[in-house]
Amino acid sequence: AALVVAIDGPSGSGKSSVAKEAARRLGAAYLDTGAMYRAVTWHCLDAGTDLDDADAVAQAVRAAELEISTDPSLERVRIHGTDVTETIRLPFVSEAVSAVATNLDVREEMVRRQRALIAAQPRIVAEGRDITTVVAPDAKTRILLTASEEARLRRRGIQLGEADAAALQRQVIERDAKDSTVSNFTRASDGVITLDSSDLTFEQTVQAVLTLVDE
Ligand code: C5P
């Protein structure tokens, strides 16, 4: 791709909404790599694959027919023809995904597919946990989008309405702890720009990303 913007960050940093909007304004494609990990996790659960059996999980993921939309205005994920766009956001998937995403053979396969999807687009914004470091370390712009724990919980609360704040807090903290084995979000690696959105509005964050892309 001629333009690659790589954005990493923890859950609740708002990176998906920000990356999607930045992609629209740049006239670029958008890749949600978290959706890919969620889809293969759903597939393993659906197929009854034992998540503790690393080889079985890796085999299921390598064989998975995964289709993901890279249109920032059309969210769609299919696995073996089944539309899982909505299902992969459910808590039973969120709770299982770290177990699958920490499997190194799974990561190797996902990275391979993500690189191919990125290469197929002239312009793309890709977001996840390891895009700036592993998937697209040569991206034109690499951003680590962070937000304080307080800001992330506040945004979750707004997204989920009447939900129980304590339970949400536990979920966010637990998932970060599991994900920290994949990537370290407390410190950006060399050449990656940290963008702290704690005190920024959505629009200000999108503008900050576009300024960093600087076309
Ligand atoms: O971004 P999202 O919360 O949808 O990601 C779901 C999960 O997928 C993360 O909690 C993480 O375990 C995994 N993931 C990953 N590497 C990526 C993107 C997501 O391990 N590049």
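**View 1. Residue classes in the shell around the ligand.** In this predicted model, the shell around the ligand holds 8 charged residues, 4 polar ones and 3 nonpolar ones. In total, 15 residues surround the ligand. The closest are Arg38, Arg107, Asp130, Arg175 and Asp179.

View 2. The side chain of Arg38 has an N or O atom 2.7 Å from an oxygen atom of the ligand. Asp130 also uses its side chain: one of its N or O atoms is 2.9 Å from a nitrogen atom of the ligand. Arg129 takes part through its backbone, where an N or O atom lies 3.0 Å from a ligand nitrogen atom. On its own, the ligand has 460 Å² of accessible area, and the protein covers 97% of this.

View 3. Three elements are shown here: α2 (33–47), α4 (91–101) and α8 (165–179) each give two or more residues to the shell around the ligand. The biggest share comes from α2, with 4 residues. Both domain 1 (1–26 + 124–215) and domain 2 (29–120) supply at least three residues to this shell.

**View 4. The sheet of β3, β4 and β5.** This open sheet has 3 strands in the order β3-β4-β5, and the pairing is antiparallel. Strands β3 (66–68) and β5 (82–83) form the edges, each pairing on one side only. Strands of a sheet pair through backbone hydrogen bonds.

**View 5. Where β4 meets β5.** Strand β4 (residues 77–79) pairs with β5 in the antiparallel sense, over 2 bridges. Arg78 has Asp83 of β5 as its bridge partner.

Definitions and conventions. Residues numbered from 1 in each chain as written. Predicted model: local features only at pLDDT ≥ 70, side-chain atom pairs only at ≥ 80, totals over all residues. Heavy atoms only, no water. Near = heavy atom within 4 Å. Polar contact = N/O pair within 3.5 Å; in protein donor to acceptor, adjacent residues only side chain to side chain. Areas by Shrake-Rupley, 256 points an atom, 1.4 Å probe, with all protein chains shown as cover. Nonpolar A, V, L, I, M, F, W, Y, C, P; charged D, E, K, R; others polar. Domains from an automatic or database assignment. Pairing = 2+ DSSP bridges.
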